[in-house]
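Hi,

Here is the structure I promised to pass on. Have a look at it first, and then read on for what turned up.

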Amino acid sequence: MAAALTVPEIVLPSSTGQRKMPVMGLGTAPEATSKVTTKDAVLEAIKQGYRHFDAAAAYGVEHSVGEAIAEALKLGLISSRDELFVTSKLWVTDNHPHLIVPALKKSLRTLQLEYLDLILIHWPITTNPGEVKYPIEVSDIVEFDLKGVWTSLEECQKLGLTKAIGASNFSIKKLQKLLSFATIPPAVNQVEVNLGWQQEKLRAFCKEKGIIVTAFSPLRKGASRGANLVMDNDILKELADAHGKTIAQICLRWLYEQGLTFVVKSYDKERMNQNLQIFDWSLSEDDYKKISEIHQERLIKGPTKPLLDDLWDEE
């Protein structure tokens with residue numbers, strides 16, 4: 001078997017002990033069409049050199065991710081849990097100050113881990129406590145006590161339950177509000193970034209504030225939502241041919257050159273391997289010019305039904 005590839009890492013500024021995060025992670029949101037189980041996919045990814053795994057309470061996969069990690073340790077694929085970077089996210093039903101610590105402890109039990117590397121607020125929305133429903137009914141939404149929730153997350157980091165805390169799907173305006181009272185600033189904001197939604201303003205803001213951006217949907221999947229503005233893009237087909245690469249590799253290389261971290265979602269063995277082959281070549285100025293001409297439109301409009309007017313603060 002070929003030696004596992006080493007993925008470059010980035011230091012999370014506000015983390016405990018300057019924790020390093022591999023720039024590429026494997027997303028574990030379940031896919032109805034996949035024949036491969038999450039457990040098998042995570043194990044295969046570890047064999048190939050992935051060390052960063054992105055989960056969430058709402059995905060219902062924490063148990064499988066935990067089983068894969070336990071198995072990888074048993075098989076000697078990794079020598080300790082510390083070699084892995086594991087992220088999870090708190091669902092909107094737990095976005096209440098008094099529920100944060102118990103929710104994180106529950107995730108840790110499910111994952112069979114002593115600590116997380118990163119915990120994120122999944123969406124800047126709160127609903128009444130209860131079971132996970134998707135999409136979220138707007139009638140279930142209650143006021144979001146961001147300050148109280150963040151203070152509880154800071155407590156989680158101080159207790160050693162997680163090495164870092166962060167946000168997901170936060171606009172500039174919501175990050176500004178968070179930074180106005182945070183004593184531990186968010187290490188990460190995980191948002192949709194891909195060549196069809198490049199998020200220049202948000203990325204510039206996060207860079208200025210020292211917040212790492214993690215891109216989800218980096219290949220803009222979602223065939224059920226119509227044509228894929230990225231994978232079916234003629235400009236990108238041309239660039240891929242010119243470089244002798246796949247369109248996915250062009251997309252991931254661009255994210256890497258922007259200084260972003262990203263979570264890719266493929267349980268296919270070959271594609272997992274292809275996604276790792278982006279670190280030893282680069283895009284040209286001319287490539288950048290062409291990429292800047294790609295039509296921009298947000299893919300993930302929000303988790304609620306109907307959609308909220310102010311979720312993205314018109315950004």
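**Aromatic pairs**

By the ring rule used here, the count comes to three aromatic pairs. That rule pairs rings of Phe, Tyr and Trp (its six-membered ring) if their centres lie within 6.5 Å, and calls planes under 30 degrees apart stacked, over 60 edge-to-face and the rest tilted. One of the pairs is W91 with Y134: the ring centres are 6.1 Å apart and the planes are at 45°, so this pair is tilted. It links distant parts of the chain, 43 residues apart, with W91 in the loop between β5 (85-90) and α3 (100-111) and Y134 in the loop between β7 (126-127) and β8 (136-137). (Helices, H or I with at least four residues, and strands, E with at least two, are DSSP runs numbered from the N terminus.)

W91 is buried, at 2% relative accessible area, while Y134 is exposed at 56%. Buried here means under 20% relative accessible area, exposed over 50%, and partly exposed in between (1.4 Å probe, protein chains only).

Before you go further, a word on the source: this is a predicted model, where local features need pLDDT of at least 70, side-chain atom pairs count only at pLDDT 80 or more, and totals for chains, interfaces and linings use all residues. Residues are numbered from 1 along each chain as its sequence is written, and side-chain values use heavy atoms, with hydrogens and water left out.

**Salt bridges**

The structure holds twelve salt bridges, each being a side-chain nitrogen of Lys or Arg within 4 Å of a carboxyl oxygen of Asp or Glu. In one of them R19 meets D117 at 2.6 Å, N to O. R19 sits in the loop between β1 (9-11) and β2 (20-22) and D117 in the loop between α3 and β6 (118-121), so the bridge ties together parts 98 residues apart in sequence. R19 is buried at 16% relative accessibility, and D117 is buried at 0%.

D117 also meets R81, at 2.9 Å, N to O. R81 is in the loop between α2 (62-74) and β5, so this pair ties together parts 36 residues apart in sequence. R81 is buried, as is D117.

Another bridge joins E238 and K290 at 3.2 Å, N to O. E238 lies in helix α7 (residues 234-243) and K290 in helix α10 (residues 285-291), so parts 52 residues apart in sequence are tied together. Bridges that share partners join R19, R81 and D117 into one network.

Cheers
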